Amino acid sequence: MSQFESNLSEGSVARRLIVFALPVLLSNIVQSLYSVADMLIVGNFAGTASMSAVNIGGQVTFIVTNAVFGLCLGGTVLIAQYLGAGEREKMRRTISTLVTGLLILGVVCTAGLLSLRDASLRLIRTPEESFAEASEYLFVTILGIVFIFGYNALSAILRGMGDSKRPFYFVLIACVTNIILDILFVGPMQMGARGAAIATVISQGVSMLLCVGYLIRNKFIFDFRLRSYRIYREQLGLIFKIGTPNAIQNAVVSVSFMFITALVNTIGGYTASAAVGVVGKFNGFAIMPALAMSSAISTMAAQNIGAGKWDRAVKSLRIGTLIAVVISYSIFAVAQLFPEFILRLFDRDPEMIAYGVSYMRSFSFDYLLVPLCFCFNGLYMGSGHTTFTLINGMLSSLLFRIPASYLFGVVFDWGLFGVGLGGPAASLGALILIIIYYFSGRWKVNVVHHGAAPGKAA
């Protein structure tokens with residue numbers, strides 16, 4: 001077993017979960033600092049309209065990057081199951097297919113998004129005060145999409161092999177670079193939202209290239225030479241089979257939040273947009289523990305299922321859910337007790353703060369439900385049942401989040417407080433379906449090797 005691999009099918013389940021999840025959590029937090037740093041620095045140096053531009057411009061690329069993250073999950077699950085089953089050649093082919101495929105997809109997405117840049121901003125009713133800067137921000141970040149794809153592919157590969165530490169180290173270096181460049185470009189150079197975007201793209205490129213360089217020097221299983229970039233049909237089919245449902249689900253969830261952005265732009269203009277953007281950045285941190293634990297459960301379950309140890313997969317769900325619930329409920333208390341303090345860190349505009357407090361009061365109830373949803377989904381994804389997570393995610397977004405946000409925010413005229421209720425409404429609907437699916441036992445069939453759990457015992 002190489003230095004990049006870790007066997008999660010042996011040893012203490014709780015210890016393995018925590019040791020694996022902690023670097024994932026730190027990586028996610030640090031990665032979120034990209035956009036938070038943009039909002040903080042732009043808000044303090046360039047004002048509310050520029051802050052709104054960063055929030056709106058980031059929404060468009062977020063859809064694509066979130067979808068790619070979902071697709072990469074197919075690679076993570078496949079690699080983890082092959083590692084657990086000892087099938088190293090298939091693991092190498094999966095890595096080659098994932099890296100090559102995402103490079104091609106990155107080029108295609110860059111060209112497509114550049115041609116749709118301003119049209120997408122008009123679609124979500126970007127306020128005139130923010131439109132020009134949002135367009136500039138979006139243009140620059142689109143040019144950096146290939147770096148985002150590359151880093152996510154490498155992180156997915158390493159996590160599937162049980163290594164969650166190295167992705168954290170590289171994203172930490174990139175985040176520090178981003179903050180320094182943010183301060184320089186937005187502060188003394190007064191480049192506004194465009195400067196924040198340039199800083200983000202440079203730092204993402206640094207993160208990916210450092211990771212590639214390190215892997216080459218340490219004789220990684222994929223050597224990054226031109227002849228090694230190949231797509232294998234069997235592995236491509238499995239990556240898409242497992243990853244596509246999750247990619248579509250992530251994209252649909254992102255689109256639902258774009259709808260909310262358009263709704264907010266209509267209700268309160270750029271000030272309300274900036275407020276929702278700030279709460280969104282806090283939310284990015286708030287759900288990180290649950291996301292990290294979901295990732296840990298997914299990888300650990302996949303390796304154990306590949307090794308035929310279904311009991312350890314279920315045990316990882318139980319322990320991981322308990323940890324995620326304790327942390328998420330603590331964050332809920334902070335959001336309810338100190339919303340004004342959180343918002344003032346970004347901007348002191350009284351109208352923005354009033355909008356933000358109203359939105360955070362209702363939306364933060366989502367933190368009581370998401371740890372349960374994420375952790376159960378981690379188990380389902382580990383066994384390859386991403387089609388269920390897709391259907392459930394689409395139903396919760398399209399049938400719960402969007403209608404609830406419109407009903408409470410516009411029809412009932414509750415403003416941003418009502419719009420915020422769409423989040424917990426969606427999670428509640430999803431959780432009900434998740435629990436029903438768990439007790440149905442259908443998730444206990446291994447999609448990769450087409451094997452069922454012995455006795456299908458929970």
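**Overview of the salt bridges.** Across the whole structure, a search finds eight salt bridges, each being a side-chain nitrogen of Lys or Arg within 4 Å of a carboxyl oxygen of Asp or Glu. This is a predicted model, in which local features need pLDDT of at least 70 and side-chain atom pairs count only at pLDDT 80 or more, while totals for chains, interfaces and linings use all residues. Residues are numbered from 1 along each chain as its sequence is written, and side-chain values use heavy atoms, with hydrogens and water left out.

**Close-up of Arg 93 and Glu 89.** These two residues form a salt bridge whose closest N and O atoms are 3.2 Å apart, and both lie in helix α3 (residues 88-115), four residues apart, about one turn of the helix. Arg 93 counts as partly exposed because its relative accessibility is 32%, where buried means under 20% relative accessible area, exposed over 50%, and partly exposed in between (1.4 Å probe, protein chains only). Helices here are DSSP runs (H or I, at least four residues), numbered from the N terminus.

**Close-up of Asp 118 and Arg 117.** The side chains of this pair meet in a salt bridge at 3.8 Å, N to O. Asp 118, at 25% relative accessibility, is partly exposed, whereas Arg 117 is buried, with a relative accessible area of 19%.

**Close-up of Asp 223 and Arg 227.** Here the side chains meet in a salt bridge at 4.0 Å, N to O; Asp 223 is partly exposed at 29% relative accessible area, and Arg 227 is exposed at 59% relative accessibility. Elsewhere, salt bridges that share partners join Glu 87, Lys 90 and Glu 234 into one network.

Terms used. Helices (H or I, at least four residues) and strands (E, at least two) are DSSP runs, numbered from the N terminus.
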